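This report is an introduction for a reader who is meeting the structure for the first time. It begins with the chain as a whole and then turns to its sheets, its core and a single residue.

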Amino acid sequence: MRKNLFALLFILAFSVFIMAGCGRLSVSDKESGDDEIVTEETETSTSEDTKTEKPTPEASESATPEATPTPEINSPTPTPIPEIRAAFRGHRPYQVDFTKDLITVSHDFNADGQMDTLECQPVEGDNGGFFSDCTLRINGVELPKSIAPKSEAYDGLVTLGILDIDTSDAYTEFFIQDGFLLDRCTTYIYRFDGKAFSLFLKYQGGIQGFSGDNRLYYWGGNLVEMPQEPFDENLVLRYYDVTSKAEVETDQIVGKTLSLKFENIIYKTKDDIIQGAPMEWDQILKETEATRVGILKPGQEFVVVEKGEADNVRIKTTDGLEGWLGGNHMVWD
Ligand SMILES: [Ca+2]
């Protein structure tokens, strides 16, 4: 009887061991337990919640490297140095979307004249293939788990980016974006000094660009942001000032001659600008029949005459139409 009990216990223990070790990297197993905080609550949080949240800069936190098993290396991507330079010239971050592949980027992160190698291996969580975690190293030094991003977004960690917040200092920062939606994601911005990492800023929002002198341009802070359009510094209406840790309004757009690459409604008044959930172009045309002065054509030049208090500006086109542009940030609630 006792022998049978021992045999049963042994079989049970062995079964648990097999199930626990089956089919997953040890890294995923180790990380997914504590870090899986993907909930319905996160998914259904409203944009209002996000809008009222101020960016929360966090003082550089101390970083103690932890020993973690090396994840499996898949196919490294080519070193994108020219692409980084091109992005920086346009004051845009260089970005790599997370896939199952190891991300490798060569860049001098601490201005010591030596090229550094950043390796980032996304780690899938239990939420339908989204990435809940990642293992990130520069020159073999690992980003400590104490400051690594812990995904709170339903759709997980989505992007790695490189940017240079202040071109006069010795750092090029990199960030990891948690959540796909740019109006409600969290961006973790880090520095590497050659030996250790620090969390430079935890930003509530999606980074679109940077000035190089401590201004961060974010989604929703510009007259328009389109996924297919590169970031245009001329369209900035608000930015986050890293030095003063505050959002700043700017009227730098006023007086400029600009053009947009897609059609836009020119409204009679700023109160006519439609808000709310995104609409098809045909529906917008129908809704604005009585409230528009005309339609701004792609590439048609206009001068910005006045900046409104929201995401709108009064314009005058070169062929004499006057009215308001705006309503480019309609989002789902
Ligand atoms: Ca720098």
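## The chain as a whole

Of the 333 residues in the protein chain, 31% are buried, a residue being called buried if 20 or more other C-beta atoms lie within 10 Å of its own, exposed if 12 or fewer, and partly exposed in between, with C-beta atoms placed from the backbone. The model is a predicted one, in which local features need pLDDT of at least 70 and side-chain atom pairs count only at pLDDT 80 or more, while totals for chains, interfaces and linings use all residues. Residues are numbered from 1 along each chain as its sequence is written.

The protein chain has 6 helices and 19 strands; these are DSSP runs, numbered from the N terminus, with helices (H or I) of at least four residues and strands (E) of at least two. Among contacts between residues at least 6 apart in sequence, 59% join residues at least 24 apart, where two residues are in contact if their C-beta atoms, placed from the backbone, lie within 7 Å.

## Confidence

The mean pLDDT of the protein chain is 80, and 75% of its residues reach 70 or more; pLDDT is the predictor's confidence in each residue, from 0 to 100. Over residues 1–75 pLDDT stays under 50, and for this stretch the model has 82 contacts beyond four places in sequence. Where pLDDT is low, the predicted coordinates should not be read in detail.

E2 pairs with strand E3 (residues 116–124) in the antiparallel sense over 5 bridges, and the bridge partner of valine 105 in E3 is leucine 118.

Another open sheet of 4 strands has the order E10-E11-E12-E13, again with antiparallel pairing. Strands E10 (207–210) and E13 (246–249) stand at its edges with a single partner strand each, so one side of each is left without a neighbour in the sheet. Strand E12 (residues 238–241) and E13 are joined in the antiparallel sense by 4 bridges, and tyrosine 239 has valine 248 as its bridge partner in E13.

Strand E6 (residues 157–163) is mostly covered, with 6 of its 7 residues buried. Antiparallel to E6 runs strand E1 (residues 94–97), joined to it by 4 bridges, and tyrosine 94 has isoleucine 162 in E6 as its bridge partner. Strand E7 (residues 173–178) is also antiparallel to E6, with 6 bridges between them, and here leucine 160 is partnered by isoleucine 176 in E7.

The largest nonpolar core has 60 residues, of which Phe175, Tyr190 and Leu216 touch the most other members; such a core is a set of buried Ala, Val, Leu, Ile, Met, Phe, Trp, Tyr and Cys residues joined through C-beta atoms within 7 Å. Leaving aside neighbours within four places in sequence, the contacts of phenylalanine 175 include Gly161, Leu163, Tyr190 and Ile207.

## Valine 303

Is valine 303 buried, partly exposed or exposed? Valine 303, which lies in strand E17 (residues 302–307), is partly exposed because 15 other C-beta atoms are within 10 Å. Not counting residues up to four places away in sequence, valine 303 touches Thr257, Ile315 and Lys316. The C-alpha atoms of valine 303 and glycine 255 are separated by 6.1 Å, although these residues are 48 residues apart along the chain.

Conventions. Pairing = 2+ DSSP bridges.
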